[in-house]
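Trainee: I'm new to reading models with several chains. Could you walk me through one?

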Number of protein chains: 4
Amino acid sequence: MKFNVFTEMEYQVGAASTLILSINALRNQHQTVLSEEFTISPYIKTEELPSVNGENRLIRFEVTDAELIKISYRATVDNCYKLVDFAEKPDIPVSQLDPAIFPYLNPSRYCQSDKLFRLAHNLFGHIENSFNKVLTLTRWINKNIEYLSGFSNAHTSAFDTVTEQAGVCRDFAHLGITLCRALNVPARYFTGYSYNLKPADFHACFEAYLGGDWVLFDGTGLAPLNGMVKIATGRDAADAAIANLFGNVLFTSMIVSCELAEGENFEPFYYNSNSTHGICYL
Amino acid sequence: MKFNVFTEMEYQVGAASTLILSINALRNQHQTVLSEEFTISPYIKTEELPSVNGENRLIRFEVTDAELIKISYRATVDNCYKLVDFAEKPDIPVSQLDPAIFPYLNPSRYCQSDKLFRLAHNLFGHIENSFNKVLTLTRWINKNIEYLSGFSNAHTSAFDTVTEQAGVCRDFAHLGITLCRALNVPARYFTGYSYNLKPADFHACFEAYLGGDWVLFDGTGLAPLNGMVKIATGRDAADAAIANLFGNVLFTSMIVSCELAEGENFEPFYYNSNSTHGICYL
Amino acid sequence: MKFNVFTEMEYQVGAASTLILSINALRNQHQTVLSEEFTISPYIKTEELPSVNGENRLIRFEVTDAELIKISYRATVDNCYKLVDFAEKPDIPVSQLDPAIFPYLNPSRYCQSDKLFRLAHNLFGHIENSFNKVLTLTRWINKNIEYLSGFSNAHTSAFDTVTEQAGVCRDFAHLGITLCRALNVPARYFTGYSYNLKPADFHACFEAYLGGDWVLFDGTGLAPLNGMVKIATGRDAADAAIANLFGNVLFTSMIVSCELAEGENFEPFYYNSNSTHGICYL
Amino acid sequence: MKFNVFTEMEYQVGAASTLILSINALRNQHQTVLSEEFTISPYIKTEELPSVNGENRLIRFEVTDAELIKISYRATVDNCYKLVDFAEKPDIPVSQLDPAIFPYLNPSRYCQSDKLFRLAHNLFGHIENSFNKVLTLTRWINKNIEYLSGFSNAHTSAFDTVTEQAGVCRDFAHLGITLCRALNVPARYFTGYSYNLKPADFHACFEAYLGGDWVLFDGTGLAPLNGMVKIATGRDAADAAIANLFGNVLFTSMIVSCELAEGENFEPFYYNSNSTHGICYL
């Protein structure tokens with residue numbers, strides 16, 4: 001399905017600085033970027049970095065003088081997903097797991113799965129099928145965590161959120177990842193443009209590695225799961241940040257939008273308590 | 001009911017130090033210390049400090065030289081408790097609460113009730129009667145927290161325990177206190193000698209302030225609630241520590257025991273899911 | 001010296017709630033409240049609670065309906081302080097300390113002195129005189145912690161601030177208290193109206209118990225130490241909060257001011273690196 | 001230089017479990033494993049996993065029954081290092097850094113560099129040359145953190161250690177990594193066998209990415225830097241653990257040794273305050 005995505009971000013640069021942005025729609029054999037335009041005003045030369053692990057596209061540039069810069073990105077993207085039936089799909093035990101997946105089992109900066117081991121097992125350890133485990137823990141997050149802007153900050157981690165029980169999409173995603181890993185289900189962070197997310201913003205969700213596929217889940221329930229344009233994945237927000245700023249740079253404002261391309265027909269997809277199929281961005 | 005309590009503690013003192021111990025059975029109009037003997041070997045002069053708020057008895061002494069000291073305390077105590085019917089006893093709202101009780105509503109070192117506010121309300125906020133609230137949260141602790149020696153340490157707080165879900169009696173008590181305060185139920189830490197606690201040790205429980213009485217609860221379920229000889233109460237373990245050590249002092253060993261006095265007949269009292277009566281040490 | 005203090009606070013009450021405010025200037029034998037006026041609009045009956053430990057004055061009231069309430073307090077107060085020479089004043093060892101002071105040696109919610117023990121001793125343990133210790137640690141705080149509005153929140157504690165090194169007056173005070181207690185110097189939180197504080201607000205500082213007096217220190221350096229009108233003291237902000245809200249209450253706005261009364265002549269007092277005298281509010 | 005390394009580890013397996021061990025000496029173009037022998041008793045079939053990023057070798061095996069297993073590993077290894085002069089070697093700015101290095105700039109589970117940003121800059125930000133920065137922060141760690149067995153645990157992170165100031169080699173390494181990253185110096189965790197480490201054990205150090213080389217540093221100062229046989233590197237101990245256990249497995253005992261091979265002559269290498277050369281394992 002085709003979407004028109006757009007963002008405009010302003011930064012106040014105070015002295016020579018380097019910025020690395022991850023706002024470009026991922027290009028891979030499944031998601032096609034039909035057209036895109038990235039501009040900085042005033043003009044600055046940028047470099048697209050070779051992707052590490054195919055997880056994201058990074059745009060790097062230096063700002064040499066103090067100035068206000070405006071970045072804008074506009075693209076038309078054909079996203080791509082499949083629905084996979086997990087009703088009878090067997091779990092992959094650690095003894096057969098591809099070593100490339102191991103990093104997504106380990107605790108990370110915002111996802112201290114080692115600390116949530118007992119809690120995750122007490123709450124969800126009894127559920128047989130891993131797809132059902134993740135579906136259930138996602139609903140638990142949705143029910144128990146309050147979406148509250150301004151409550152959490154850039155230091156907030158899943159260890160905080162599981163108890164303080166409020167946050168934004170980033171915090172919901174971190175908690176989902178953490179509970180998965182504590183249950184020996186590999187999981188990673190997903191950022192993207194998101195159709196029908198209100199208020200419009202970049203969105204963060206999480207993917208669980210189930211039966212050989214990365215399946216998308218969203219504890220916030222704020223947007224249809226099939227309206228995502230993938231930007232990046234990573235262990236957590238530390239690896240898949242929208243922007244990494246080195247030097248004296250102040251974020252000042254941002255607009256984000258994601259609209260259906262003309263002529264597209266959208267049927268929103270959400271999980272419910274009887275779901276047997278997971279949605280996989282390829 | 002009469003109990004013989006005993007403890008023997010050894011400390012290796014490395015240089016001039018001050019120790020403040022809280023191991024003496026509390027004396028008040030309800031708990032009678034029939035006989036007691038406190039000795040230090042080699043002999044050191046001690047001072048019993050005037051109690052602050054009637055919450056505990058403190059023994060202070062200085063050790064001027066490096067040496068191994070052995071403290072022993074032996075007492076026969078008639079404890080005293082009443083059972084109070086909370087089935088229809090109305091809660092005391094904050095608007096009518098005695099200001100002397102306010103400190104037990106505030107968060108403290110090991111009991112960050114401000115951080116557990118949403119969690120406590122999500123889990124227990126729907127329960128009408130406060131006695132039932134505390135009974136239910138105590139059972140929740142008992143079911144979800146694993147009693148595990150060596151898992152936690154002196155820095156561990158309820159914010160850790162609610163997620164890591166393992167600890168010792170001190171951690172169970174801190175979590176109980178924290179959940180109560182988050183629900184606007186005043187609560188405090190209780191230390192004592194405990195009959196039939198296995199393995200024998202000092203015990204920590206918590207008291208909730210319900211309908212004008214301090215009612216005893218124990219998330220560990222390891223000892224009968226009517227076999228306690230009260231030593232101290234306080235906001236948390238920071239205020240009611242068995243020992244406060246100032247200087248160069250190393251704790252090396254300890255024995256604790258609590259036995260029924262001769263001729264006494266003991267019927268263990270525990271709560272169950274239909275309990276309507278709380279146990280109050282007066 | 002006489003000051004005119006004033007505050008106006010608005011709360012949006014959503015349902016029946018109880019508020020307990022601590023905004024009235026403390027009355028004691030040293031600080032004289034010459035006149036004061038406390039009003040709520042629309043009118044609500046209030047109750048002044050008997051002070052616990054003489055540490056503060058609390059105003060309690062219930063709001064029964066959803067409404068916007070405006071509280072205003074205005075007073076003229078003669079504050080009182082003395083300067084004490086600590087150049088040669090001996091420290092009071094724990095072995096001679098009044099037990100009523102013990103609570104201010106213990107760790108508390110926002111002041112985890114148990115965790116800062118080694119850090120405090122590494123940084124300040126070598127300084128002989130306790131007044132100099134506290135003066136030095138206050139300067140260290142002033143030099144290393146950045147005053148930054150919006151960085152910290154109501155959950156931030158000294159354990160965070162000592163590493164994250166940014167915060168507001170409350171965080172500076174908590175860190176000062178914590179370092180003192182880690183060095184076996186009793187310390188407590190102080191809130192007040194503060195002359196020449198910019199921007200105008202309630203202020204938080206800390207008092208260290210030195211040679212039998214509570215001496216005032218302020219890591220922020222933002223206001224003269226002799227322009228304070230004391231409101232309350234307590235172990236930390238958990239005990240000496242400006243407002244405790246029970247129910248559905250949202251803080252919406254606040255104005256604070258503290259001006260010299262007519263005809264008064266003010267010479268600002270600050271410590272410097274050669275200070276020998278501490279300032280004590282009595 | 002050639003070393004004979006050896007370890008023997010025992011695990012009590014309680015039910016079907018998977019173990020992934022990282023105890024084999026790394027094989028790469030610089031470190032030559034002359035001979036090695038890995039055995040499990042009773043016999044279990046093992047699999048050596050293809051290395052991800054060339055960072056380590058992993059041995060995976062399943063234990064199907066409850067039993068006590070003994071693992072032993074013995075190898076003769078020719079390690080390899082070079083000394084690099086950093087006196088005038090220019091730093092690589094982020095604007096020219098290879099994207100494959102980016103993950104080592106990000107905060108990770110035990111290395112919350114985002115939280116130590118101000119502290120690192122206050123302490124070390126003024127030092128010009130990055131090699132000197134890392135040398136200085138390593139000495140700061142050595143001076144301020146106490147090596148203390150049993151103080152920290154598997155959950156302890158650099159955010160704890162920077163304040164609590166005690167721990168073991170793992171904690172020293174995490175703090176070094178964290179301070180580097182906070183200063184925009186990429187850094188990673190290093191585990192190995194270590195000659196002359198007392199008591200004998202696996203050792204953890206850290207590598208900083210300076211002028212295009214990974215340079216080894218050790219805040220503990222407990223072992224010569226040129227006596228290491230590299231096992232693995234990773235972001236922190238979450239990625240480079242000696243053992244990852246999935247299922248019901250209890251670690252019961254371990255022996256580790258690292259001896260000079262016959263005929264070798266060892267001159268210990270340590271940094272001092274005038275060092276200009278870094279040691280790089282290739």
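Mentor: Chain B can be laid on chain C with an RMSD of 0.0 Å, using a turn of 180° and a shift of 0.0 Å along the axis. The copies are superposed by least squares on the C-alpha atoms of residues with pLDDT of at least 70 in both. This is a predicted model, where local features need pLDDT of at least 70 and side-chain atom pairs count only at pLDDT 80 or more, while totals for chains, interfaces and linings use all residues. Residues are numbered from 1 along each chain as its sequence is written, and chains are lettered from A and ligands numbered from 1 in the order in which they are written.

Trainee: Which chains have the most contacts?

Mentor: Two residues are in contact if their C-beta atoms, placed from the backbone, lie within 7 Å. Four pairs of chains touch, and chains B and C have the most contacts among them. That contact takes 27 residues from chain B and 27 residues from chain C. On the chain B side, the largest share is three residues, from strand S5 (residues 58-63). Helices (H or I, at least four residues) and strands (E, at least two) are DSSP runs, numbered from the N terminus. By class, this side of chain B has 14 nonpolar, seven polar and six charged residues. Ala, Val, Leu, Ile, Met, Phe, Trp, Tyr, Cys and Pro count as nonpolar, Asp, Glu, Lys and Arg as charged, and the others, Gly among them, as polar.

Trainee: And what does chain B give to its contact with chain A?

Mentor: There, 13 residues come from chain B and 13 residues from chain A. Helix H1 (117-124) and helix H3 (158-164) of chain B each supply at least two residues of the chain B side. Its largest share, four residues, comes from H3(B). Other pairs stay apart: chain A and chain C do not touch, with their nearest C-alpha atoms 9 Å apart, and chain B and chain D do not touch either, with their nearest C-alpha atoms 9 Å apart.

Trainee: How do I read a sheet?

Mentor: Strands of a sheet pair through backbone hydrogen bonds, either parallel or antiparallel. Two strands pair if DSSP finds at least two bridges between them. In chain D, an open sheet of four strands runs in the order S3-S6-S1-S15, with antiparallel pairing. Strand S3 (32-41) and strand S15 (249-260) of chain D are at the edges with a single partner strand each, so one side of each lacks a neighbour in the sheet. Strand S1 (residues 2-13) of chain D pairs with S15(D) over eleven bridges. Look for D:Val5, whose bridge partner in S15(D) is D:Cys258.

Trainee: Where are the domains of chain A?

Mentor: Domain bounds come from an automatic or database domain assignment. For chain A, this gives domain 1 (2-79 + 242-260) and domain 2 (81-240 + 270-281). Their centres, taken over C-alpha atoms, are separated by 25 Å. In the contact between them, 17 residues of domain 1 meet 16 residues of domain 2.
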